[in-house]
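Good morning, and thank you for coming.

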Amino acid sequence: MMGRPICDSQGVKVTVSVVLADSARSFDKEYTYAVPEGMQVLPGMRVLVPFGRKKGLRGGWITRLNPPKTTYALKDIAEAVDEAPLITEDLLKVAEWMRGRYLCTWHQALSVMLPSGARLVVQENGTYQKRANEKTCRAMEAAVSAEDFDALCREGAFRSLHHVHILETLLQEGLCTVSDLCLLQGVTPGMLLTLKKKGLVRELRLDVDRDPFQGRSVEPVLPPNPTEEQENAFQTLAPLLDQNGGEALIFGVTGSGKTELYLRLIEESLKKGKGAVMLVPEISLTPQTVDRFLGRFGSRVAVLHSRLSIGERYDQWRGIKNGNLDVVVGARSAIFAPLKNLGIVIIDEEHEGAYKAESTPGYDARLVARARCNISGGLLLYGSATPSLETFHRAESGTLLRVDLKQRVAGRPLPKVTLIDMKKEMQDGNRTNISNALKSRIAAVHTAKEQSILLLNRRGLSSFMLCRDCGMVLSCPHCSISLTLHQKDRCVCHYCGYLEKVPKCCPSCGSEQFIPMGMGTQKLEADLLESTQGLRVVRMDLDSTSGKDGHKKQLDLFRNGEADLLVGTQMVAKGHDFPNVTLVGILSADAMLSSGDFRSSEKTFQLLAQAAGRAGRDEKPGEVLVQAYNLDHYCLQAVIHHDYEGFYHQEIALRQQLNLPPFYHVGVVLVSSKEITDAENLIQKVYRYLRDAANFTETAPFMLSEPLPAPISQMNGRFRFRIILRHRSVRTLLSVLNILQETFSKETSGKEVHMGVDIDPGSML
């Protein structure tokens, strides 16, 4: 702790730098305050400080200690909120880096480092309260029966899909805590209050046991004998733990034992008294990862992900901060775990887009991990069978070490991949979405008492409702996309949650030829159950996995042999290990290739290769059938031969020719407003500013797009326009965008028109 503040007769005291919580961009800087005599403070602690002419109290963070100085012109800190720092010293430096890299405020960067249970609420009169963390909580239960709920749905009583999901979850699960319900996508406390006022739900209080591992029994597991490749990789990587930082890519085919290598390296880090962070794209989708870590490290494991309740997440965070938990497994935000001595960070399936946050600050956990390891001296490992082009390019250029695992464990072969031409299927009279070859193989695998996985990256019953007479497509009134058919009687917007009962005839011309088109996972599941006698199907998509443990329940059914076939969206392709799966079928494999995103080929290859990797992971050989129309595309040809490097060389040549990442950095300026003219006026001003600013660059010029409507031109009732910038230097790009935000902050602050920027976005759609 810091010693007693220095103060003498000349008015000299210890001073600190403080940043304000919830500050506007114009006030987002460090302010110097004096420390009153007797107050003990350190960087990373929260304080109350007088601010402004009225000297009202504001919450703030201490970012650094300053040398003693004369304090006649300085205000004193009013009160220290915390007894010890909540943010570690290395994370404070990471927050400062994020502020420059993602053009966010200090408060936005620091806020993502704390669980909701540790947030501070400061009132206008200067009083404050720490968020309650007592082990009781609000809960909800359905106040209507399942029959009454179904009747309300048939009557079209609901206009929000979120309300439907809440009641479906309560009817299925019984009592649910408010915090767990708010983990459902798009659900807010206000929606629960609305349902309560309508008498559809009841509120009560529950005692809560906040152990996320409660009821999970995992026996200690001894490590298996390593393969020769694993041992060589370990001997190469382990010495890096003794160096002051470093980066490496573990480039290993699916089923090559990357996870076992991770576990051995974490053990080595723990022996040196250093903690570890293991990031996975979405922890709730891979419960077997947590089981493996619990089996190896027991009570030292903490888990951090969005499906934990607020209380569970807070308790896990506190255990890490107190030093009781030093092996952290989690999704994107786990990179901010408050480990005091970080030895290693592992990013599994590093190619996944889930590592890039969409909301402010739009951080990329991979870049944050690199910054944190550079600051703390930890080792950063990336692992993937299909690395992102940016990461593989860095490995190819020698910026980071590359370690290969080319063989599956026990010498098991990679599955055979076959392309099926759906154009020929149609010519042969097959009008269904499943080829005859795939139908035959599903039946054969079922007869052999083996399991299959079908990937269709589109949920719902049908993609859209179409009038065959006038061509009208049923669209969302708040977003510029078509509604998706769900459960035969409701159409849903997947962006804003708008819900509409399916019309009996075309709303435009009155025709009864108003029919569903396309197929989603719900329809695929129904068709399979109807066509194959005795087939047990489990579906895994956003609709079937609501609730806290929704993913685990579906996966356990399949893993325990209670289902023969797993149907799902991209969720089924993410890191699962099912020993009895011998067949993987991929439908509409080339659908993403025409999405308009420059990463479409890369994302398609990664998804198909990862899905294919779920087959033949044990003693039984695997087979993959890929249905597509554009069979000659180099992406699909590379999938057939499991040829990542061949795909990489073709794709990277195109990226270089078109001035795209990793050769150029991309910035997106997005303007939105409920009034289309307000959005158009501001985007034109922004364009003129950027066009002039680009002329000042002395090195490589900017590449600047025209201001155009965004691909989804309306979302949640707001009209959206964007400009795309590209430049070789990310520093130059950030400099221009930072000045842009400062220039236009007055035109957007507190107004209906909003302007946001994103650096190297994960998707251009």
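**Helix packing and burial**

Helices α17 and α19 are roughly antiparallel to each other, because their axes cross at an angle that falls in that class. Angles under 35 degrees count as roughly parallel, over 145 as roughly antiparallel, 65 to 115 as roughly perpendicular and the rest as oblique. The axes of α17 (residues 600-612) and α19 (residues 644-657) come within 11 Å and cross at roughly 170°. An axis here is a line fitted to C-alpha atoms, for helices over the stretch in contact, and angles run from 0 to 180 degrees between N-to-C directions. Helices (H or I, at least four residues) and strands (E, at least two) are DSSP runs, numbered from the N terminus.

Before continuing, I must say that this is a predicted model, in which local features need pLDDT of at least 70, side-chain atom pairs count only at pLDDT 80 or more, and totals for chains, interfaces and linings use all residues. Residues are numbered from 1 along each chain as its sequence is written, and side-chain values use heavy atoms, with hydrogens and water left out.

Which residues make the contact between α17 and α19? From α17 they are S601, E602 and F605, and from α19 they are Y644, F647, E651 and R655; contact means heavy atoms within 4.5 Å. By class, this contact has three nonpolar, one polar and three charged residues. Ala, Val, Leu, Ile, Met, Phe, Trp, Tyr, Cys and Pro count as nonpolar, Asp, Glu, Lys and Arg as charged, and the others, Gly among them, as polar.

Helix α19 also meets α12 (residues 389-396), with axes that come within 11 Å and cross at roughly 100°. The helices α12 and α19 are therefore roughly perpendicular to each other. On the α12 side we find L389, E390, F392, H393 and E396, and they meet Y644, E645, F647, Y648, H649, E651, I652 and R655 of α19. The residues of this contact divide into six nonpolar, two polar and five charged.

Let us turn to burial. Buried means under 20% relative accessible area, exposed over 50%, and partly exposed in between (1.4 Å probe, protein chains only). Helix α9 (residues 287-297) is largely enclosed by the rest of the structure, because nine of its eleven residues are buried. Those buried residues are P287, Q288, T289, V290, F293, L294, G295, R296 and F297. What covers them includes α8, β12 (275-279), β13 (301-304), β14 (327-330) and α16 (550-559). Just after α9, G298 takes a positive phi of about 55°.

In helix α7 (residues 228-237), the buried residues are Q230, A233, F234 and L237. They lie on the same side of α7, because they cover an arc of only 100° around the axis; the arc is that of the directions from the helix axis to the C-beta atoms. Their cover includes β11 (246-252), α8 (258-271), β16 (379-384) and β17 (401-405).

**Nonpolar cores**

A nonpolar core is a set of buried Ala, Val, Leu, Ile, Met, Phe, Trp, Tyr and Cys residues joined through side-chain atoms within 4.5 Å. The largest such core has 88 residues, of which M98, L110, M113, V328, F336, V345 and I586 touch the most other members. Its largest share, six residues, comes from α17. Apart from this core lies another, of 33 residues, among them A233, Y262, F293 and V301. Returning to F336, its contacts include L91, V94, M98, V112 and M113, not counting residues up to four places away in sequence.

**Individual residues**

The C-alpha atoms of E312 and P115 are separated by 9.8 Å, although the two are 197 residues apart along the chain. In contrast, E147, in helix α3 (residues 146-154), counts as exposed at 58% relative accessibility.

Finally, some backbone details. A cis peptide bond joins T360 and P361, with omega about -5°; P361 is in the loop between β15 (342-348) and α11 (365-376). The peptide bond from P661 to P662 is also cis, with omega near 10°, and P662 lies in the loop between α19 and β29 (665-673). A410 is not a glycine, yet has a positive phi of about 65°, and at 62% relative accessibility A410 counts as exposed.
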